[in-house]
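Trainee: I would like to learn how to read aromatic pairs and overall chain shape in a model. Can we work through an example?

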Amino acid sequence: MDHETHIVEVDDLRKSYGDLKAVDGISFSVSAGEVFGILGPNGAGKTTTVEILEGMRAQDSGSAIVNGIDVQEDPRAVKKIIGIQLQSSAFFDRLSLTEILDVMASLYHREIDARELLREVELDDRADALFKDLSGGQQQRFSVASTLVNDPILLFLDEPTTGLDPQARRHMWALVQRFKSEGRTVLLTTHYMEEAEELCDRVAIMDHGKIVAMDRPAALVDSLLNKGFKKKRTEKLANLEDVFLDITGRELRDE
Amino acid sequence: MFSRLLRTNPTISLTKASMRIWFRDRQAIFWTFFLPLVLISVFGLLDFGSFRTVDLGIVDRADNDASQKLIDEVRALGTFDISDDLSEEKEREALLDGDRNLLLIIEPGFGEAQSPAQRRVTVIYNEGEPQESAAGQTIIQHLLDEITFAEGNISERYTIDASPVDSRNLRFIDFLMPGVVAMSIMQMGLFSVAFSFLQLKSRGVLRRLQATPILPASFIFAQVFTRLTVSILQTLVLVGLAVLAFDVHLEGNLGFMLLLALLGGGVFVSMGFAVSGWAHTEDVAAPVANAIALPMMFLSGVFFPRDAMPEPLRAVADFLPLSYLADALRNVAVDGASLWSQWENVLGLTVWLAVTFFIAVRLFRWE
């Protein structure tokens with residue numbers, strides 16, 4: 001992989017909270033246009049890692065470079081070119097969705113077509129609604145739309161499908177794939193392995209603040225099989241989620 | 001070009017958003033405008049503090065021509081609210097209940113020669129209302145003198161030529177209005193900032209904003225600008241109501257009052273930020289903000305003059321920011337004072353602004 005095209009470079013990053021080593025000396029890099037997943041159980045250090053890269057938290061030691069900018073040195077410069085979806089997002093009360101997007105865009109000195117952006121996440125019919133009146137899936141989609149106001153080259157999605165129903169999850173997956181086709185780099189965290197398998201070009205598995213494995217999903221599966229691993233029950237060609245989606249359809253269910 | 005700047009400048013668009021958010025909040029509008037309006041209306045309609053008529057009870061024990069003549073003379077004055085058809089017992093009861101200022105008892109033998117009561121009446125007065133009681137006594141004394149002079153045919157007396165003039169009489173509503181303006185600016189600044197900021201913090205809105213290249217100064221400017229605009233509007237609305245609906249005479253310059261509203265608004269908005277920085281959550285901020293606002297409401301001469309307070313309390317109360325604001329607003333509104341004549345109050349407010357601003361900056365936390 002060509003060094004020049006690395007959009008994220010992390011070297012020996014460390015962050016402790018008291019005695020807890022949340023991030024314990026990790027190194028990885030993400031290429032431009034890649035969808036990179038950080039997997040791991042709760043408390044593995046995924047969110048802390050992502051927050052350091054976003055310029056929302058300072059590391060104790062090590063370096064984090066985003067698009068050639070040292071995040072710790074100039075977090076504002078990094079924030080200008082990235083889009084961040086937080087695990088739980090909240091927006092101003094008493095402003096409509098379009099009003100919120102217009103304000104968010106102005107924070108980057110930009111002007112956007114808010115309705116067009118809402119159309120991209122299938123929320124154009126709720127343009128005048130308030131954020132708090134949206135369903136869970138709609139809120140998640142709006143939150144993604146809000147990360148696009150500055151046309152970011154790198155998107156951070158922190159557990160983007162947690163709490164969503166299968167239809168909304170598929171919709172989010174389609175969005176991520178579109179971002180990739182638009183040439184954006186996506187760095188996402190997730191608990192769901194089928195999500196990582198479906199979306200990510202490469203994944204890093206974290207546990208206790210360290211990266212314990214990093215490769216393409218298929219390569220990780222192959223290396224496990226090469227160790228002689230066999231599932232107790234052989235996989236059928238369809239699973240219960242396929243049945244559920246076949247019966248209830250793939251249309252978004254928001255209302 | 002310019003209109004694009006208006007839409008893409010973060011500070012301008014945050015200010016626009018913050019104004020929209022504020023004016024769409026019905027609860028905030030209620031507390032900020034409606035409640036002070038009700039307060040002014042209630043006191044405007046009740047009109048406390050004006051000099052009331054003197055309630056006089058008469059017990060005629062003499063029941064003769066002379067006593068009847070005296071009663072007629074008293075009645076003819078029109079100064080008193082008179083009751084003379086009740087028994088003595090009932091009248092004394094009414095006096096003790098505070099329904100009378102004076103009880104005039106005309107003893108038997110009044111006006112009859114050789115009677116010990118020829119030139120005597122008894123007056124029992126309500127000590128609790130000294131002004132009305134004293135005025136009543138003076139009037140009765142004057143009447144008795146007139147009768148005496150008439151009997152003695154003394155015609156060359158000193159007289160007063162009294163002529164009326166339309167003076168500026170300070171009513172309670174005149175006193176109250178500037179105080180209520182000051183109080184509502186304090187409430188708005190302190191509570192509106194502390195609560196909305198902590199709410200943005202606890203709900204995670206600030207965190208989402210921090211994920212953007214926002215400058216804290218832009219955000220704070222938007223918040224402060226909105227509140228200062230509201231404090232100007234409060235002053236205009238409350239003064240407007242008092243002048244239009246309750247005939248309050250605005251002696252001073254409205255522009256001076258608006259400048260004072262800005263300065264006072266600045267003090268209490270800083271105080272609101274300081275509380276929100278110190279309190280961390282809304283549950284803590286509520287009692288803290290109340291603990292600051294309530295004592296000031298009663299100690300700063302909003303509802304009654306601080307002269308009525310015991311000396312040690314007054315010494316403290318005089319230095320409260322709400323005292324400076326209420327005094328300056330009142331001096332301008334009621335006495336027509338100029339802004340520079342109020343330099344002591346302005347200086348007091350400025351010192352408070354510096355102190356609260358310093359504390360607010362020290363305690364300010366995004367997270």
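Trainee: Which residues form one aromatic cluster in chain B?
Mentor: This is a predicted model. In it, Phe197(B), Phe219(B), Phe273(B) and Phe364(B) make up one aromatic cluster. Over all chains, a search of the whole structure gives 18 aromatic pairs.

Trainee: How is the geometry of the pair Phe91(A) and Phe131(A) described?
Mentor: Planes over 60 degrees apart count as edge-to-face. Phe91(A) and Phe131(A) are at 70 degrees, with 4.9 Å centre to centre, and form an edge-to-face pair. The two are 40 residues apart: Phe91(A) sits in the loop between β6 (82-85) and α3 (97-106) of chain A, and Phe131(A) in the loop between α4 (114-120) and α5 (136-146). Both residues are buried.

Trainee: Why is the pair Phe191(B) and Phe195(B) stacked?
Mentor: Planes under 30 degrees apart count as stacked. The planes of Phe191(B) and Phe195(B) are at 10 degrees and the ring centres 6.0 Å apart, so this pair is stacked. Both lie in helix α7 (residues 172-202) of chain B, 4 residues apart, or about one turn of the helix.

Trainee: Is Phe195(B) buried or partly exposed?
Mentor: Buried means under 20% relative accessible area. Phe195(B) has 26% relative accessibility and therefore counts as partly exposed.

Trainee: What radius of gyration does chain B have?
Mentor: Chain B has 30 Å, whereas a compact globule of 367 residues would have a value near 21 Å. The C-alpha trace of chain B spans about 105 × 40 × 35 Å along its principal axes. Of the residues of chain B, 45% count as buried.

Methods: Residues are numbered from 1 along each chain as its sequence is written. Chains are lettered from A and ligands numbered from 1 in the order in which they are written. This is a predicted model: local features need pLDDT of at least 70, side-chain atom pairs count only at pLDDT 80 or more; totals for chains, interfaces and linings use all residues. Side-chain values use heavy atoms; hydrogens and water are left out. The radius of gyration is taken over C-alpha atoms; the globule rule is 2.2 Å times the number of residues to the power 0.38. Buried means under 20% relative accessible area, exposed over 50%, partly exposed in between (1.4 Å probe, protein chains only). Rings of Phe, Tyr and Trp (its six-membered ring) pair if their centres lie within 6.5 Å; planes under 30 degrees apart count as stacked, over 60 as edge-to-face and the rest as tilted.
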